[in-house]
Amino acid sequence: MVAASFHSPPPPTHRPPPFEMGFLHLFIVNKSGGLILHRPLGPTAPKISTNEWLRIGSTFHSLHAIAAEATPVKLPGNKNSAGADDGIEQIEGRGIILKCLQTRTGIKFVLTAEPGTPGIDAVLREIYVLYSDCALKDPFYELEMPIRCELFTNAVDSLIDQVVNGGVMMR
Amino acid sequence: RVTPLSRIQHRGGAGGTYLAQQRQLNYPHFFFSTVSHLPQKTPGSTRLELQLVVTPRQFSLAVKMTVHAIHIFDRKGKTLFTKRYTTTKQQLMQDAEQVSEQRKLIFGMLFSLRELVGSLTPEGESPALHSVKTGAGTLHCYETISGLRIALYTNNNPVMNTLPGGARAAGGEINSKTSFQTALKHIYSEIWVECVVRSPLYRPEDIQVDPPEGRVKFPGRFDIKCTNFELKLDEYLKSMPWFL
(Lines give C-alpha, C1' and ligand atoms only; values in the text may rest on other atoms or scores of the structure.)
Protein backbone atom coordinates (compact mmCIF):
# COMPACT_ATOMS: atom_id res chain seq x y z
CA MET A 1 0.00 0.00 0.00
CA VAL A 2 1.37 3.26 -1.02
CA ALA A 3 1.13 5.91 1.57
CA ALA A 4 0.63 9.06 -0.23
CA SER A 5 1.38 12.04 1.88
CA PHE A 6 -0.17 15.25 0.86
CA HIS A 7 1.54 18.35 1.99
CA SER A 8 -0.22 21.62 2.14
CA PRO A 9 0.59 23.73 -0.91
CA PRO A 10 3.87 25.59 -0.51
CA PRO A 11 3.65 29.29 0.18
CA PRO A 12 3.82 31.42 -2.92
CA THR A 13 7.38 32.17 -3.83
CA HIS A 14 8.78 34.86 -6.00
CA ARG A 15 9.38 33.04 -9.20
CA PRO A 16 10.93 34.84 -12.15
CA PRO A 17 8.24 35.88 -14.61
CA PRO A 18 7.66 33.26 -17.28
CA PHE A 19 7.68 35.68 -20.17
CA GLU A 20 10.23 38.18 -21.34
CA MET A 21 9.72 41.16 -19.20
CA GLY A 22 11.77 44.21 -19.45
CA PHE A 23 11.35 47.90 -19.66
CA LEU A 24 13.65 49.49 -22.16
CA HIS A 25 13.49 53.27 -22.16
CA LEU A 26 11.55 56.18 -20.81
CA PHE A 27 11.56 59.47 -22.61
CA ILE A 28 9.58 62.62 -22.06
CA VAL A 29 8.90 65.18 -24.76
CA ASN A 30 7.67 68.66 -23.99
CA LYS A 31 4.94 70.40 -25.89
CA SER A 32 7.29 71.98 -28.43
CA GLY A 33 8.85 68.67 -29.29
CA GLY A 34 12.06 68.98 -27.35
CA LEU A 35 13.29 66.10 -25.30
CA ILE A 36 13.37 66.77 -21.58
CA LEU A 37 14.30 63.38 -20.25
CA HIS A 38 15.60 60.09 -21.54
CA ARG A 39 16.50 57.19 -19.35
CA PRO A 40 17.35 53.54 -19.89
CA LEU A 41 15.34 51.34 -17.57
CA GLY A 42 16.86 47.95 -17.99
CA PRO A 43 19.91 46.03 -19.10
CA THR A 44 18.48 45.12 -22.49
CA ALA A 45 17.91 48.72 -23.53
CA PRO A 46 19.95 49.65 -26.59
CA LYS A 47 22.56 52.36 -26.16
CA ILE A 48 21.56 55.53 -27.89
CA SER A 49 23.65 58.67 -28.12
CA THR A 50 22.33 62.01 -26.93
CA ASN A 51 22.08 63.43 -30.43
CA GLU A 52 20.07 60.49 -31.57
CA TRP A 53 17.82 60.86 -28.56
CA LEU A 54 17.07 64.43 -29.52
CA ARG A 55 16.27 63.27 -33.01
CA ILE A 56 14.02 60.49 -31.73
CA GLY A 57 12.22 62.92 -29.47
CA SER A 58 11.38 65.40 -32.18
CA THR A 59 10.56 62.71 -34.72
CA PHE A 60 8.16 61.11 -32.32
CA HIS A 61 6.58 64.46 -31.55
CA SER A 62 5.75 65.06 -35.21
CA LEU A 63 4.67 61.53 -35.93
CA HIS A 64 2.38 61.61 -32.94
CA ALA A 65 0.43 64.43 -34.52
CA ILE A 66 0.64 63.10 -38.05
CA ALA A 67 -0.87 59.78 -37.03
CA ALA A 68 -3.98 61.56 -35.84
CA GLU A 69 -4.19 63.44 -39.14
CA ALA A 70 -3.75 60.37 -41.27
CA THR A 71 -6.53 58.23 -39.88
CA PRO A 72 -9.61 58.00 -42.06
CA VAL A 73 -11.93 58.53 -39.13
CA LYS A 74 -11.12 61.20 -36.61
CA LEU A 75 -12.34 61.80 -33.10
CA PRO A 76 -14.56 64.83 -32.54
CA GLY A 77 -12.44 67.89 -31.99
CA ASN A 78 -9.40 65.70 -32.35
CA LYS A 79 -9.37 65.23 -28.60
CA ASN A 80 -9.25 61.84 -27.02
CA SER A 81 -11.18 60.75 -23.97
CA ALA A 82 -8.69 62.30 -21.58
CA GLY A 83 -9.08 65.71 -23.10
CA ALA A 84 -5.64 65.70 -24.66
CA ASP A 85 -4.94 65.91 -28.39
CA ASP A 86 -5.32 62.65 -30.16
CA GLY A 87 -2.20 60.95 -31.34
CA ILE A 88 -0.18 57.79 -31.14
CA GLU A 89 -1.03 55.80 -28.05
CA GLN A 90 0.72 52.59 -28.77
CA ILE A 91 3.16 51.22 -31.32
CA GLU A 92 3.91 47.57 -31.62
CA GLY A 93 6.83 46.17 -33.45
CA ARG A 94 8.58 42.86 -33.42
CA GLY A 95 10.35 42.78 -30.09
CA ILE A 96 9.16 46.13 -28.77
CA ILE A 97 6.06 47.84 -27.47
CA LEU A 98 5.97 51.60 -27.18
CA LYS A 99 3.28 53.34 -25.16
CA CYS A 100 2.67 57.04 -25.00
CA LEU A 101 0.67 59.10 -22.58
CA GLN A 102 -0.10 62.63 -23.68
CA THR A 103 -1.31 65.00 -21.05
CA ARG A 104 -3.61 67.94 -21.58
CA THR A 105 -0.66 70.27 -21.33
CA GLY A 106 1.00 68.60 -24.28
CA ILE A 107 3.70 66.65 -22.50
CA LYS A 108 4.26 63.16 -23.80
CA PHE A 109 5.51 60.37 -21.60
CA VAL A 110 6.81 57.52 -23.72
CA LEU A 111 7.74 54.13 -22.39
CA THR A 112 9.24 51.31 -24.40
CA ALA A 113 9.29 47.74 -23.23
CA GLU A 114 9.65 44.22 -24.45
CA PRO A 115 6.41 42.57 -25.47
CA GLY A 116 4.85 40.54 -22.70
CA THR A 117 5.64 43.10 -20.05
CA PRO A 118 2.47 43.55 -18.04
CA GLY A 119 1.19 46.75 -16.58
CA ILE A 120 2.87 49.24 -18.89
CA ASP A 121 -0.13 51.57 -18.76
CA ALA A 122 -0.18 51.58 -14.99
CA VAL A 123 3.54 52.27 -14.82
CA LEU A 124 3.16 55.11 -17.32
CA ARG A 125 0.48 56.75 -15.23
CA GLU A 126 2.54 56.29 -12.12
CA ILE A 127 5.45 58.02 -13.82
CA TYR A 128 3.15 60.93 -14.62
CA VAL A 129 2.25 61.09 -10.94
CA LEU A 130 5.92 61.00 -10.00
CA TYR A 131 6.62 63.77 -12.49
CA SER A 132 3.99 65.99 -10.95
CA ASP A 133 5.16 65.15 -7.44
CA CYS A 134 8.90 65.44 -7.92
CA ALA A 135 9.59 67.64 -10.90
CA LEU A 136 6.71 70.07 -10.91
CA LYS A 137 6.86 70.71 -7.22
CA ASP A 138 10.56 71.37 -7.36
CA PRO A 139 10.86 75.16 -7.02
CA PHE A 140 13.95 75.28 -9.19
CA TYR A 141 12.54 73.32 -12.06
CA GLU A 142 11.54 75.38 -15.08
CA LEU A 143 8.73 74.07 -17.18
CA GLU A 144 9.62 72.58 -20.57
CA MET A 145 13.30 72.45 -19.61
CA PRO A 146 15.28 69.22 -19.26
CA ILE A 147 14.51 67.52 -16.00
CA ARG A 148 17.45 67.51 -13.63
CA CYS A 149 15.68 66.38 -10.48
CA GLU A 150 17.40 63.55 -8.74
CA LEU A 151 14.28 62.84 -6.73
CA PHE A 152 12.37 62.15 -9.91
CA THR A 153 14.95 59.90 -11.50
CA ASN A 154 15.45 57.98 -8.26
CA ALA A 155 11.74 57.53 -7.88
CA VAL A 156 11.44 56.26 -11.46
CA ASP A 157 14.27 53.82 -10.93
CA SER A 158 12.77 52.45 -7.76
CA LEU A 159 9.35 52.17 -9.38
CA ILE A 160 10.73 50.10 -12.22
CA ASP A 161 12.72 48.06 -9.77
CA GLN A 162 9.64 47.26 -7.75
CA VAL A 163 7.62 46.34 -10.77
CA VAL A 164 10.24 44.11 -12.30
CA ASN A 165 11.73 42.45 -9.27
CA GLY A 166 9.72 42.78 -6.19
CA GLY A 167 6.15 42.99 -7.17
CA VAL A 168 5.00 40.11 -9.29
CA MET A 169 3.36 37.23 -7.49
CA MET A 170 1.77 34.45 -9.41
CA ARG A 171 -1.27 32.74 -7.99
CA ARG B 1 -12.61 60.16 -15.43
CA VAL B 2 -12.64 56.73 -16.98
CA THR B 3 -10.53 55.87 -19.96
CA PRO B 4 -11.54 52.86 -22.02
CA LEU B 5 -8.57 50.74 -21.30
CA SER B 6 -7.34 51.45 -17.86
CA ARG B 7 -8.90 52.79 -14.79
CA ILE B 8 -6.93 53.92 -11.81
CA GLN B 9 -8.70 54.80 -8.63
CA HIS B 10 -6.79 56.41 -5.90
CA ARG B 11 -8.37 55.87 -2.55
CA GLY B 12 -6.60 58.57 -0.67
CA GLY B 13 -4.91 58.75 2.66
CA ALA B 14 -1.39 57.90 3.62
CA GLY B 15 -0.34 54.66 2.03
CA GLY B 16 -3.38 54.82 -0.19
CA THR B 17 -4.41 52.07 -2.47
CA TYR B 18 -3.98 52.19 -6.16
CA LEU B 19 -6.31 49.96 -8.01
CA ALA B 20 -5.27 49.63 -11.57
CA GLN B 21 -7.50 47.42 -13.57
CA GLN B 22 -6.40 46.82 -17.02
CA ARG B 23 -9.38 45.32 -18.72
CA GLN B 24 -8.08 44.87 -22.18
CA LEU B 25 -10.42 42.46 -23.79
CA ASN B 26 -7.54 40.92 -25.62
CA TYR B 27 -6.63 39.14 -22.45
CA PRO B 28 -9.44 39.56 -19.99
CA HIS B 29 -8.03 37.04 -17.62
CA PHE B 30 -5.25 39.33 -16.52
CA PHE B 31 -6.04 41.39 -13.52
CA PHE B 32 -3.53 43.70 -11.98
CA SER B 33 -3.96 45.35 -8.70
CA THR B 34 -1.44 47.39 -6.87
CA VAL B 35 -1.59 47.43 -3.16
CA SER B 36 0.59 49.48 -0.94
CA HIS B 37 0.01 48.20 2.52
CA LEU B 38 3.64 48.26 3.49
CA PRO B 39 5.20 51.36 4.96
CA GLN B 40 6.59 53.73 2.43
CA LYS B 41 10.32 54.07 2.48
CA THR B 42 11.08 57.25 0.64
CA PRO B 43 8.85 60.19 -0.12
CA GLY B 44 7.51 60.21 -3.59
CA SER B 45 7.66 56.46 -4.04
CA THR B 46 4.88 53.97 -3.75
CA ARG B 47 5.40 50.38 -2.99
CA LEU B 48 3.77 48.45 -5.76
CA GLU B 49 2.70 44.89 -5.70
CA LEU B 50 1.24 43.48 -8.82
CA GLN B 51 -1.01 40.50 -8.50
CA LEU B 52 -1.45 38.41 -11.54
CA VAL B 53 -4.75 36.59 -11.50
CA VAL B 54 -5.45 34.15 -14.26
CA THR B 55 -9.08 33.23 -14.59
CA PRO B 56 -10.49 30.85 -17.12
CA ARG B 57 -12.06 32.40 -20.11
CA GLN B 58 -15.74 31.82 -19.60
CA PHE B 59 -17.23 34.16 -22.06
CA SER B 60 -16.58 35.49 -25.48
CA LEU B 61 -17.60 38.85 -26.71
CA ALA B 62 -18.80 39.40 -30.18
CA VAL B 63 -17.67 42.99 -30.45
CA LYS B 64 -17.22 43.76 -34.05
CA MET B 65 -14.29 45.64 -35.38
CA THR B 66 -14.70 47.90 -38.30
CA VAL B 67 -12.26 48.01 -41.13
CA HIS B 68 -12.01 51.56 -42.39
CA ALA B 69 -9.58 51.41 -45.25
CA ILE B 70 -6.78 49.47 -46.82
CA HIS B 71 -3.79 50.86 -48.70
CA ILE B 72 -1.02 49.10 -50.52
CA PHE B 73 2.19 50.99 -51.25
CA ASP B 74 5.22 49.98 -53.22
CA ARG B 75 8.73 50.63 -51.99
CA LYS B 76 8.93 54.05 -53.61
CA GLY B 77 5.78 55.27 -51.92
CA LYS B 78 3.43 55.03 -54.83
CA THR B 79 -0.03 53.84 -53.94
CA LEU B 80 -0.79 50.62 -55.71
CA PHE B 81 -4.20 50.01 -54.30
CA THR B 82 -6.50 51.76 -51.92
CA LYS B 83 -10.02 51.14 -50.77
CA ARG B 84 -12.30 52.80 -48.29
CA TYR B 85 -14.83 50.71 -46.47
CA THR B 86 -16.45 53.41 -44.40
CA THR B 87 -17.01 56.87 -45.74
CA THR B 88 -17.77 59.82 -43.57
CA LYS B 89 -19.12 63.15 -44.62
CA GLN B 90 -15.74 64.79 -44.33
CA GLN B 91 -14.27 62.27 -46.69
CA LEU B 92 -16.87 62.81 -49.34
CA MET B 93 -15.95 66.45 -49.36
CA GLN B 94 -12.30 65.75 -49.93
CA ASP B 95 -11.19 65.96 -53.48
CA ALA B 96 -8.74 63.67 -55.19
CA GLU B 97 -5.82 65.96 -54.44
CA GLN B 98 -6.37 65.83 -50.72
CA VAL B 99 -6.89 62.12 -50.80
CA SER B 100 -3.59 61.50 -52.48
CA GLU B 101 -1.90 63.90 -50.07
CA GLN B 102 -3.29 61.93 -47.20
CA ARG B 103 -1.95 58.75 -48.68
CA LYS B 104 1.51 60.22 -49.04
CA LEU B 105 1.26 61.23 -45.42
CA ILE B 106 0.46 57.68 -44.44
CA PHE B 107 3.39 56.32 -46.39
CA GLY B 108 5.77 58.87 -44.91
CA MET B 109 4.52 58.11 -41.46
CA LEU B 110 5.02 54.36 -41.91
CA PHE B 111 8.51 54.96 -43.23
CA SER B 112 9.58 57.22 -40.38
CA LEU B 113 7.94 55.08 -37.76
CA ARG B 114 9.87 52.10 -38.97
CA GLU B 115 13.12 54.01 -38.59
CA LEU B 116 12.09 55.14 -35.13
CA VAL B 117 11.15 51.67 -33.98
CA GLY B 118 14.34 50.36 -35.48
CA SER B 119 16.50 52.62 -33.38
CA LEU B 120 14.60 51.80 -30.19
CA THR B 121 14.40 48.04 -30.59
CA PRO B 122 16.88 46.04 -28.53
CA GLU B 123 19.59 44.07 -30.25
CA GLY B 124 18.84 40.66 -31.52
CA GLU B 125 15.52 41.52 -33.09
CA SER B 126 15.13 42.68 -36.63
CA PRO B 127 12.89 45.70 -36.42
CA ALA B 128 9.44 45.59 -37.94
CA LEU B 129 6.36 47.68 -37.42
CA HIS B 130 3.22 45.73 -36.65
CA SER B 131 0.64 48.24 -35.54
CA VAL B 132 0.12 51.85 -34.55
CA LYS B 133 -2.74 52.75 -32.29
CA THR B 134 -4.27 56.16 -31.83
CA GLY B 135 -7.43 57.18 -30.05
CA ALA B 136 -9.37 57.11 -33.31
CA GLY B 137 -8.23 53.83 -34.73
CA THR B 138 -5.44 51.37 -35.31
CA LEU B 139 -3.22 51.03 -38.31
CA HIS B 140 -1.92 47.54 -38.96
CA CYS B 141 1.04 47.27 -41.21
CA TYR B 142 2.76 44.44 -43.00
CA GLU B 143 5.91 44.91 -45.02
CA THR B 144 7.40 42.41 -47.38
CA ILE B 145 11.07 42.02 -48.09
CA SER B 146 10.57 43.63 -51.48
CA GLY B 147 9.33 46.77 -49.81
CA LEU B 148 5.65 46.37 -50.50
CA ARG B 149 3.61 47.71 -47.60
CA ILE B 150 0.05 46.81 -46.78
CA ALA B 151 -1.67 49.16 -44.36
CA LEU B 152 -5.04 48.37 -42.86
CA TYR B 153 -7.02 50.87 -40.83
CA THR B 154 -9.43 49.53 -38.25
CA ASN B 155 -11.12 50.94 -35.23
CA ASN B 156 -10.06 50.18 -31.70
CA ASN B 157 -12.66 47.68 -30.58
CA PRO B 158 -10.72 44.83 -29.14
CA VAL B 159 -11.44 41.57 -30.78
CA MET B 160 -11.99 38.30 -29.08
CA ASN B 161 -9.97 35.98 -31.16
CA THR B 162 -11.78 32.82 -31.99
CA LEU B 163 -8.91 30.50 -31.37
CA PRO B 164 -9.84 27.36 -29.49
CA GLY B 165 -8.77 26.45 -26.02
CA GLY B 166 -5.13 27.00 -25.68
CA ALA B 167 -5.01 30.76 -26.06
CA ARG B 168 -4.23 31.52 -22.45
CA ALA B 169 -2.06 33.91 -20.56
CA ALA B 170 0.57 35.47 -22.76
CA GLY B 171 -0.43 33.22 -25.61
CA GLY B 172 -3.78 34.94 -26.00
CA GLU B 173 -2.14 38.30 -26.29
CA ILE B 174 0.33 37.21 -28.90
CA ASN B 175 -2.28 35.40 -30.92
CA SER B 176 -4.58 38.35 -31.19
CA LYS B 177 -1.76 40.49 -32.42
CA THR B 178 -0.39 38.05 -34.90
CA SER B 179 -3.83 37.32 -36.24
CA PHE B 180 -3.63 40.66 -37.99
CA GLN B 181 -0.15 39.94 -39.17
CA THR B 182 -1.22 36.57 -40.50
CA ALA B 183 -4.27 38.12 -42.15
CA LEU B 184 -2.16 40.75 -43.87
CA LYS B 185 0.38 38.15 -44.83
CA HIS B 186 -2.40 36.08 -46.31
CA ILE B 187 -3.65 39.08 -48.24
CA TYR B 188 -0.20 39.48 -49.70
CA SER B 189 0.72 35.91 -50.44
CA GLU B 190 -2.60 34.41 -51.37
CA ILE B 191 -4.45 37.33 -52.90
CA TRP B 192 -1.96 39.92 -54.13
CA VAL B 193 0.58 37.48 -55.50
CA GLU B 194 -2.02 35.16 -56.96
CA CYS B 195 -4.21 37.79 -58.56
CA VAL B 196 -1.89 40.60 -59.44
CA VAL B 197 1.68 39.41 -59.67
CA ARG B 198 0.79 36.24 -61.46
CA SER B 199 -1.49 37.97 -63.87
CA PRO B 200 -0.15 37.71 -67.43
CA LEU B 201 -0.59 41.45 -67.86
CA TYR B 202 1.46 42.37 -64.83
CA ARG B 203 4.16 44.97 -65.27
CA PRO B 204 5.68 46.12 -62.00
CA GLU B 205 7.06 49.41 -63.30
CA ASP B 206 3.93 50.52 -64.96
CA ILE B 207 1.08 50.02 -62.58
CA GLN B 208 -1.88 52.25 -63.13
CA VAL B 209 -2.86 53.71 -59.82
CA ASP B 210 -6.37 54.81 -59.12
CA PRO B 211 -6.93 57.53 -61.66
CA PRO B 212 -8.58 60.76 -60.61
CA GLU B 213 -11.85 61.94 -62.01
CA GLY B 214 -12.04 61.68 -65.73
CA ARG B 215 -10.47 58.35 -66.22
CA VAL B 216 -7.60 58.68 -68.57
CA LYS B 217 -6.60 55.24 -69.53
CA PHE B 218 -3.05 54.97 -70.70
CA PRO B 219 -2.92 52.12 -73.11
CA GLY B 220 -0.36 49.56 -72.16
CA ARG B 221 -0.46 50.25 -68.46
CA PHE B 222 -1.36 47.48 -66.12
CA ASP B 223 -4.54 48.24 -64.27
CA ILE B 224 -5.28 46.41 -61.08
CA LYS B 225 -8.94 46.62 -61.88
CA CYS B 226 -8.51 44.13 -64.66
CA THR B 227 -7.72 41.44 -62.15
CA ASN B 228 -10.11 40.11 -59.60
CA PHE B 229 -7.91 41.32 -56.77
CA GLU B 230 -10.50 43.63 -55.30
CA LEU B 231 -13.16 40.98 -55.43
CA LYS B 232 -11.03 38.44 -53.68
CA LEU B 233 -9.85 40.96 -51.13
CA ASP B 234 -13.39 41.90 -50.23
CA GLU B 235 -14.35 38.27 -49.99
CA TYR B 236 -11.45 37.57 -47.68
CA LEU B 237 -12.01 40.54 -45.45
CA LYS B 238 -15.70 39.84 -45.14
CA SER B 239 -14.98 36.29 -44.16
CA MET B 240 -12.91 37.44 -41.23
CA PRO B 241 -14.84 37.26 -37.96
CA TRP B 242 -13.78 40.77 -37.15
CA PHE B 243 -14.97 42.52 -40.25
CA LEU B 244 -17.91 44.93 -40.13
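Contact, throughout this tour, means heavy atoms within 4.5 Å. The structure is a predicted model, in which local features need pLDDT of at least 70 and side-chain atom pairs count only at pLDDT 80 or more, while totals for chains, interfaces and linings use all residues. Residues are numbered from 1 along each chain as its sequence is written, chains are lettered from A in the order in which they are written, and side-chain values use heavy atoms, with hydrogens and water left out.

**Start at A:F60**

Select A:F60 and display its surroundings: leaving out residues up to four places away in sequence, A:F60 touches A:F27, A:I88, A:I91, A:L98, A:C100, A:K108 and A:V110, and from the other chain B:L116. Now widen the selection to the largest nonpolar core, which has 34 residues; such a core is a set of buried Ala, Val, Leu, Ile, Met, Phe, Trp, Tyr and Cys residues joined through side-chain atoms within 4.5 Å. Here buried means under 20% relative accessible area, exposed over 50%, and partly exposed in between, with a 1.4 Å probe and protein chains only. The residues with the most contacts inside this core are A:F27, A:F60, A:I88 and A:I91 from chain A, together with B:L110, B:L113 and B:L120 from chain B. Helix α2 of chain B, residues 96-120, gives the most to this core, with eight residues; helices (H or I, at least four residues) and strands (E, at least two) are DSSP runs, numbered from the N terminus. Apart from this core lies another, of 30 residues, including A:I36, A:L124, A:C149 and A:V163.

**Follow α2(B)**

Colour α2(B) along its 25 residues: from its first C-alpha to its last it reaches 36 Å, close to the 36 Å expected at 1.5 Å a residue, where the expected span is 1.5 Å times one less than the number of residues. Among its buried residues are B:Q102, B:R103, B:I106, B:F107 and B:M109.

On the α1(A) side the contact includes A:W53, A:I56, A:F60 and A:L63, and on the α2(B) side it includes B:L105, B:M109, B:L113 and B:L116. The residues of this contact divide into 13 nonpolar, four polar and two charged, where Ala, Val, Leu, Ile, Met, Phe, Trp, Tyr, Cys and Pro count as nonpolar, Asp, Glu, Lys and Arg as charged, and the others, Gly among them, as polar.

Stay on α2(B) and pick B:L105, which counts as partly exposed because its relative accessibility is 31%. Beyond residues up to four places away in sequence, B:L105 touches A:I66, A:E69 and A:A70. Its C-alpha atom is separated by 9.9 Å from that of B:G77, 28 residues apart along the chain.

**Move to A:T103**

In chain A, select A:T103 in the loop between β4 (96-102) and β5 (108-113). A:T103 counts as buried because its relative accessibility is 4%, and, its neighbours within four places in sequence aside, it is in contact with A:A84, A:F109 and A:Y128.

**Step back to the chains**

Chain A comes to three helices and six strands, running β-β-α-β-β-β-α-α-β from the N terminus on, and 49% of its 171 residues count as buried. Chain B has four helices and 10 strands, and 45% of its 244 residues count as buried.
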